[in-house]
Amino acid sequence: SVVEAMAKDAARVARIVNETVEEGSNSLDLSNCKLTSFPVALFKVMKNVVANIHLISLENNELKFISGEFMTNFNQLREIPVERLASMPSLKSLNMKSNPLSSDNQTTEQSVLKFELLLADE
């Protein structure tokens, strides 16, 4: 049933997050988890490691939006998957200010992007 499938997906996300917290990992791989948004409850679970997360993989999900809370909590991200974001036709703006992004990302082809990419604190 749909409910069983959703419960299974939620359990998978919980297991991944728990492993990330236990290992003190600096990356979080939530690819292929059927997420439609980033579960706010995860911020509480990850509060002790969230500042160490440098890379988050959210590939192959069904994300409709990424909240401001997501960006506030994960403020140590080092990479932006710009090429994947460029394929999101409805994306208008992405605010990545106050992140220690590599210089590669800061010079990314802004001209080919269909959205505004905010990087520097001005």
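Ser25 counts as buried in this predicted model, at 17% relative accessibility, where buried means under 20% relative accessible area, exposed means over 50%, and partly exposed lies in between (1.4 Å probe, protein chains only). The residue sits in the loop between α1 and β1. Helices (H or I, at least four residues) and strands (E, at least two) are DSSP runs, numbered from the N terminus. Leaving out residues up to four places away in sequence, Ser25 touches Thr20 and Ile53, with contact meaning heavy atoms within 4.5 Å. A word on the ground rules: residues are numbered from 1 along each chain as its sequence is written, and side-chain values use heavy atoms, with hydrogens and water left out. Because the model is predicted, local features need pLDDT of at least 70 and side-chain atom pairs count only at pLDDT 80 or more, while totals for chains, interfaces and linings use all residues.

Ile53, one of the partners of Ser25, is found in a loop as well, between α2 and β2. Ile53 is buried, with a relative accessible area of 0%. Setting aside neighbours within four places in sequence, Ile53 is in contact with Thr20, Ser25, Asn26, Ser27, Leu28, Met46, Phe74, Gln76 and Leu77.

Zooming out, the chain has 5 helices and 4 strands, and read along the sequence they follow the pattern α-β-α-β-α-α-β-α-β. Of the 122 residues, 33% count as buried. Among contacts with a separation of 6 or more, 58% come from residues 24 or more positions apart. The accessible surface comes to about 7,900 Å², and 52% of that belongs to carbon and sulfur atoms; these areas come from the Shrake-Rupley method with a 1.4 Å probe, and for residues only the protein chains shown count as cover.

Next comes the interior. In soluble globular proteins, nonpolar side chains tend to be buried together. Here the largest nonpolar core has 26 residues, and those with the most contacts inside it are Leu28, Leu30, Phe38, Ile56, Phe70 and Phe74. A nonpolar core is a set of buried Ala, Val, Leu, Ile, Met, Phe, Trp, Tyr and Cys residues joined through side-chain atoms within 4.5 Å. Two or more residues of this core are given by each of α1 (2-23), α2 (41-45) and α3 (68-73). The largest share, 3 residues, comes from α1.

Helix α1 also holds Arg12 and Asn18. Arg12 counts as partly exposed at 30% relative accessibility, and Asn18 does too, at 38%. Not counting residues up to four places away in sequence, Arg12 touches Ser31, Asn32 and Cys33. C-alpha to C-alpha, Arg12 and Cys33 are 7.4 Å apart in space and 21 residues apart in sequence. For Asn18 and Leu42, the figures are 9.6 Å and 24 residues.

Most residues other than glycine have a negative phi. Asn32, although not a glycine, has a positive phi of about 60°, and it is found in the loop between β1 (27-29) and α2. Asn32 is partly exposed, with a relative accessible area of 46%. Asn60 has a positive phi near 55° and is found in the loop between β2 (55-57) and α3. At 60% relative accessibility, Asn60 counts as exposed.

Over at strand β4 (residues 116-118), Leu117 has its place. Leu117 is buried, with a relative accessible area of 9%. The C-alpha atoms of Leu117 and Lys92 are separated by 8.8 Å, though the residues are 25 apart along the chain.

Finally, the pockets. About 180 Å³ of space lies in the second largest pocket. Its lining consists of Met6, Asp9, Ala10, Val13, Cys33, Lys34, Leu35 and Pro39. A pocket here is an open set of points on a 1 Å grid over the protein atoms alone, where a 1.4 Å probe fits, with protein on both sides within 12 Å along at least five of seven lines; lining residues have an atom within 4 Å of a point. The volume is the space filled by probe spheres set on the points. By class, the lining divides into 6 nonpolar, no polar and 2 charged residues, with Asp, Glu, Lys and Arg counted as charged, Ala, Val, Leu, Ile, Met, Phe, Trp, Tyr, Cys and Pro as nonpolar, and the others, Gly among them, as polar.
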